[in-house]
Amino acid sequence: MADELVHREVDNGVATITLDSPHNRNALSAQLRGELLGALDDSTADDSTRLIVLDHTGPVFCAGMDLKESRSESAENQGINEVPRLVERIWNSPKPVVAKLAGPARAGGLGLVSAADIAVAAEEATFAFSEVRIGVVPAVISVTVLPLLRARQAHELFLTGETFDARRAVDIGLLNSAVPADRLETEVARYSEMLAKGAPNALAATKEMLRTSRPEGLETDFANMLELSAHHFASEEAAEGMRAFAEKRAPSWAQWSE
Ligand SMILES: CC(C)(COP(=O)([O-])OP(=O)([O-])OC[C@H]1O[C@@H](n2cnc3c(N)ncnc32)[C@H](O)[C@@H]1OP(=O)([O-])[O-])[C@@H](O)C(=O)NCCC(=O)NCCSC(=O)C[C@@](C)(O)CC(=O)[O-]
């Protein structure tokens, strides 16, 4: 049996869910997606869990979709359809979710971050909505990322795919705070202690109230965005983008720019 890529540990009411696939920078492979869904469901069902911390091993929080795996899968089944479920589980969790980033997040990884209630990163962490550079579209993640960003920032970051630092991520509302790496634990503990002071039912109801900014839920948006995302994942451009990524070279878009 393959090693587990996601671990869940409960201590004093805090469920820590750890992404543990450092060799591919915690990319969202089929195995990791399945285990993460399971860990989120278990945390929701577990009465002793009051708060969820999304943590990771290795230098990177999450590099987005597993590009090597997606590349080898059939056009109809590139796993993208499971990303909305992950984002939704975090967004709909009745328990507060804190994302703890000791390192970078990219693309789909930022989908997870954007759905969390609190996101804290080490100052050295970097971020990018790098989808267009792979030939895909940040469609699914836009459902929870766009409400956080101002339009000017969204256009710039989504269209350039440029990397930005943690200070900018705080400025644009993607993170709550960025601290020196050696203070990350303390900063997450500070938020956890504040959240633990809230009554569980009041916290769940407040989360539900915050979600009423989307009274119809995320389902409709996800359905439309999934179609867009899946269409581009199956495109020739994406095939070139993923091939180039695996071959560690810049992609060539010449064929599509005439
Ligand atoms: C994350 C950093 C900055 C770390 O940068 P680094 O720490 O320097 O690591 P690295 O780039 O040397 O990578 C280490 C290993 O991880 C692998 N790796 C790394 N990322 C992936 C990945 N995604 N999929 C599969 N494998 C990956 C990479 O191929 C390499 O494997 P090795 O050569 O050692 O065998 C860098 O690795 C990087 O830029 N990765 C690519 C990030 C990216 O472009 N992701 C796009 C994903 S598309 C997506 O998520 C679509 C979605 C969901 O948003 C669509 C929607 O919203 O609709």
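Student: In this predicted model, what makes helix α1 and helix α3 roughly parallel to each other?
Tutor: The axes of helix α1 (residues 30–45) and helix α3 (residues 83–92) come within 10 Å and cross at roughly 20°. Angles under 35 degrees count as roughly parallel, and α1 and α3 are therefore roughly parallel to each other.

Student: Which hand does the crossing of α1 and α3 have, and which residues make the contact?
Tutor: The crossing in which α1 passes α3 is left-handed. On the α1 side the contact is made by R33, L36, L37, L40 and D41, and on the α3 side by R85, L86, R89 and I90. By class, these contact residues of α1 and α3 divide into 5 nonpolar and 4 charged, with no polar residue among them.

Student: Why is S235 called buried, and where is S235 placed?
Tutor: S235 sits in the loop between α10 (219–233) and α11 (236–246). Buried means under 20% relative accessible area, and because its relative accessibility is 19%, S235 counts as buried.

Student: How far is S235 from S192, in sequence and in space?
Tutor: The two serines, S235 and S192, are 43 residues apart in sequence, and their C-alpha atoms are 43 Å apart in space.

Student: How do you know which residues belong to domain 1 and domain 2, and how many residues does each give to the contact?
Tutor: The domain assignment of the protein gives domain 1 as 6–195 and domain 2 as 199–247. Taken over C-alpha atoms, the centres of domain 1 and domain 2 are separated by 12 Å, and the contact takes 33 residues from domain 1 and 27 residues from domain 2.

Definitions and conventions: Residues numbered from 1 in each chain as written. Predicted model: local features only at pLDDT ≥ 70, side-chain atom pairs only at ≥ 80, totals over all residues. Heavy atoms only, no water. Axes fitted to C-alpha atoms, helices over the stretch in contact; angles between N-to-C directions. Helix = DSSP H or I, 4+ residues; strand = E, 2+ residues; numbered from the N terminus. Parallel < 35°, antiparallel > 145°, perpendicular 65-115°, else oblique. Left-handed = near helix turned anticlockwise from the far one by under 90°. Contact = heavy atoms within 4.5 Å. Nonpolar A, V, L, I, M, F, W, Y, C, P; charged D, E, K, R; others polar. Buried < 20%, exposed > 50% of the residue type's maximum accessible area, 1.4 Å probe, protein only. Domains from an automatic or database assignment.
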